[in-house]
Amino acid sequence: MPNTIHIPTPLRPFTDKKESVEVTGNTVGELLTDLTTRHDGLKKHLYADDGRLRNFVNVYLNDEDIRYLEREATPVKPGDELSIVPSVAGGAPVTAAPASAEATAGKGAESLPELSQEEIQRYSRHLIMPEVGMDGQRKLKASSVLCIGAGGLGSPAAMYLAAAGVGRIGIVDFDVVDFSNLQRQLLHGTPDVGRSKLESAKDRLRALNPHVEVDTYETLLSSENALDLFAPYDVILDGTDNFPTRYLVNDACVISGKPNAYGSIFRFEGQASVFGVKGGPCYRCLYPEPPPPGLVPSCAEGGVFGVLPGIIGVIQATETIKLMLGVGEPLVGRFLIYDALKMRFRELKLRKDPECPVCGTNPTVTKLIDYEQFCGIRPEPAAQPAGAVANEWDTTPVELKRRMDAGDDVVILDVREPNEYQINRVEGSTLIPLGELPRRYQELDPEREMVVMCKMGGRSAKAVDYLRSVGFTKIKNLRGGVLEWIDTVDPSQPKY
Ligand code: ZN
């Protein structure tokens, strides 16, 4: 009887889209070797150059975390199932009586705020349940939560928290509402496009429940401001969409002793947990190191199923409210994975890592660090004026158009996915998605000049690096991608 390895969404491009692969072997290591023999493209994602399994790849045997055993030597029985769970950018917390529950749940009833007649009416369906009741509702009124981001996860979370009567909701964001947000970010409506997300969020939450205080912080969360921003709140709700902020939120929560209601989303798959609770693990116990930049696509690159953040954001809100009330079993030490396509929830056990650099016995990270650098992200180059060429490997849409019009022989290689190519494209371009390039680059002629393009220029820059590494020299990256092509050359096409 063969064994099964479950493949997470971000790695499925390397298994011909298969969700699980049948393999054989006697140990975890042998199963993984069999997997990477069958699907060679996975190797660089799972293993570092020195041959060890990468740190941000977690392997579970029959839903048990095997990170702390000799994981590759771990024996397997016929029929055992392995799951590979890599970190994804979209975010959450873990265990027993949480810190915030101590903070609010421990408050004597006499120190809790009273409810007005109107509030009693509004919360009547809570008040008649013994798990909430008058005291519980007053605890919620005395509680506060800071939502990091007013986007896909922050929207449903903040709306349910406001409706439930959490006394004070803070939101950190600096973005403006865009049409492409409306497919999932229900805090914002069509008339809000172009407005600040914070203003739009505040209006929506006040309309839902005027008894709730809404604090807004129009700023980028940073190592300089995180601890000050977190200080006045009981629970932090992580709705971020990038790794530097995710590690920053985690470390700031552990350092300041605040629970972190974590949620994360990618395409059809979501994750949730509760980190940073005394005695429970943190995000770094799960993923000590971030994936190399670019290995895991963002929602902007990979897409996200519109209803998915609704599910995950509401799970985050649920955990936040349970922490505030001190009821139920928090999602501490448990990692919830939700697959919307299969409509299946799985729960994996999470252990606190005694060696964790932040929450372990001898922490080495005791103050906030530079998280961009930690995640290997180079600072953005200074903005170039439109039409300027940044370096010899770059070109611009205007320059490309000029050469096409002059009849020059230039191959245009588009490295986006076929469904993106359906939306807009440069006529006459060749489509080879970035993930297929390593096995298909021989289809291209290195003797001809080539311009590589994608949506915004990020994936195509990687493609240029890769093609250079296999001997192509006459190649340039189309800076700004198809979006800048539409802005400066062909405004007749739709943007996404
Ligand atoms: Zn930890």
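Predicted model: local features only at pLDDT ≥ 70, side-chain atom pairs only at ≥ 80, totals over all residues.
**Zinc site**

I started with the metal. Which residues coordinate the zinc ion? I found C282, C285, C356 and C359, each through its SG atom, at 2.3 Å. I then checked the geometry: the angles among the four donor atoms run from 92 to 123 degrees, and the site is tetrahedral. For comparison, I noted that the ideal angle for four tetrahedral donors is 109.5 degrees.

Next I looked at the spacing along the chain, which reads C-x2-C-x70-C-x2-C. C282 and C356 are 74 residues apart, so to speak from distant parts of the chain. I placed C282 in the loop between strand 11 (269-275) and helix 11 (283-286). C356 belongs to the loop between strand 13 (344-349) and helix 14 (371-374). Buried or exposed, these two? Both C282 and C356 are buried.

**Helices 15 and 19**

I turned to helix 15 (residues 397-405) and helix 19 (residues 481-488). Their axes lie 9 Å apart, at an angle of about 70 degrees. Angles of 65 to 115 degrees count as roughly perpendicular, so helix 15 and helix 19 fall in that class.

I listed who meets whom: P397, V398, L400, K401 and M404 come from helix 15, and G481, E484, W485 and T488 from helix 19. By type, this contact has five nonpolar, two polar and two charged residues.

**Q137**

Last, I looked up Q137, which sits in helix 6 (residues 133-142). Its relative accessible area is 0%, so I put Q137 down as buried. Beyond its neighbours within four places in sequence, Q137 touches L115, Y123, H126, L127, V132, A164 and G165.

Note on methods. Residues numbered from 1 in each chain as written. Heavy atoms only, no water. Axes fitted to C-alpha atoms, helices over the stretch in contact; angles between N-to-C directions. Helix = DSSP H or I, 4+ residues; strand = E, 2+ residues; numbered from the N terminus. Parallel < 35°, antiparallel > 145°, perpendicular 65-115°, else oblique. Contact = heavy atoms within 4.5 Å. Nonpolar A, V, L, I, M, F, W, Y, C, P; charged D, E, K, R; others polar. Donors = N, O, S within 2.8 Å, 3.2 Å for Na, K, Ca; no water. Tetrahedral: all angles 85-135°; square planar, octahedral: opposite > 155°, others 65-115°. Buried < 20%, exposed > 50% of the residue type's maximum accessible area, 1.4 Å probe, protein only.
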